[in-house]
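Please look at the structure below with its sequence to hand.

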Amino acid sequence: MEHAADDLINLRKYPVLTPGPGRDAILQQVRGDLGPRGCAVLKGFLTPAGVAAAVAETDGVSDKGHRSYSRTNAYFTADDPDLPASDPRRRFFDRSNAFIPADNFRSDGALRSILDKEGFDAFIRDCLQEPEDRFFRYADPLADVIVNAAWEGNGFPWHFDTNNFTVTPALQNAEWGVFSNMPR
Ligand SMILES: [Fe+2]
């Protein structure tokens, strides 16, 4: 099904694709949050129809998710018994979730219609204040748009990884548990 990104993104509340004072005000808000907190949240960025379309798209391929279970520290490194027991590299947590790989999401599907909309990348780059030659989409064709799915009892502990930044549309609230961000 073809989607118009204008129906999926709440452009009335977040006019991020059009240069002007509305976009500038959002940039100011986002930059103000990113600086001290390392995280900015735009509540209601998608329209209800946009959330519904993205959830429906994801539900349609949820069986393609790769489930994994492991224990990991925040650095994804192996245990090092030479380190003191109190070292953060020796603190391991359960990690369990499913990633639905990017090749399940069509170019005319809801998620890519949102993320590939002309002006979207420029908005994110402006939020981050990164120059053009230092701002890139993830090039991995299996990971440029993934959906992270969790079932009851799953958890995904805080970690460092290889992304300089990430854009996360939160599509569904958990009926249990928490989604949290720790300011740096
Ligand atoms: Fe990560």
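**Grounds for the descriptions**

In this predicted model, three strands form an open sheet in the order S1-S2-S3, with antiparallel pairing.

Q: Why are S1 and S3 said to stand at the edges of the sheet?
A: Strand S1 (66-72) and strand S3 (147-149) each have a single partner strand, so one side of each is left without a neighbour in the sheet. From one strand to the next, the twist averages 35 degrees.

Q: How do you know that S1 and S2 count as paired strands?
A: Pairing requires at least two bridges between the strands, and S1 and S2, which run antiparallel, are joined by seven bridges; the two strands therefore count as paired. Within this pairing, threonine 72 stands opposite phenylalanine 93 in S2.

Q: What makes S2 and S3 a pair as well?
A: Strand S2 (residues 93-100) is joined to S3 by three bridges, the two running antiparallel, and since at least two are required, S2 and S3 are a pair. Here phenylalanine 99 stands opposite asparagine 148 in S3.

Q: How do you know that the reach of helix H2 is close to the expected one?
A: Helix H2 (residues 21-37) has 17 residues, and its first and last C-alpha atoms are 24 Å apart, to be set against the 24 Å expected at 1.5 Å a residue. Just after H2, glycine 38 takes a positive phi of about 75 degrees.

Q: What is the reach of helix H3, and what is expected?
A: Helix H3 (residues 48-60) has 13 residues and reaches 18 Å from its first C-alpha to its last, close to the 18 Å expected at 1.5 Å a residue.

Q: Why are the buried residues of H3 placed on the same side of the helix?
A: The buried residues are Gly50, Ala53, Ala54, Glu57 and Thr58, and they cover an arc of only 130 degrees around the axis, which puts them on the same side of H3. These buried residues pack against helix H1 (5-8), S2, helix H4 (110-115) and S3.

Key. Residues are numbered from 1 along each chain as its sequence is written. This is a predicted model: local features need pLDDT of at least 70, side-chain atom pairs count only at pLDDT 80 or more; totals for chains, interfaces and linings use all residues. Helices (H or I, at least four residues) and strands (E, at least two) are DSSP runs, numbered from the N terminus. The expected span of a helix is 1.5 Å times one less than its number of residues. Axes are lines fitted to C-alpha atoms, for helices over the stretch in contact, and angles run from 0 to 180 degrees between N-to-C directions. A residue is buried if 20 or more other C-beta atoms lie within 10 Å of its own, exposed if 12 or fewer, and partly exposed in between; C-beta atoms are placed from the backbone. The arc is that of the directions from the helix axis to the C-beta atoms. Two residues are in contact if their C-beta atoms, placed from the backbone, lie within 7 Å.
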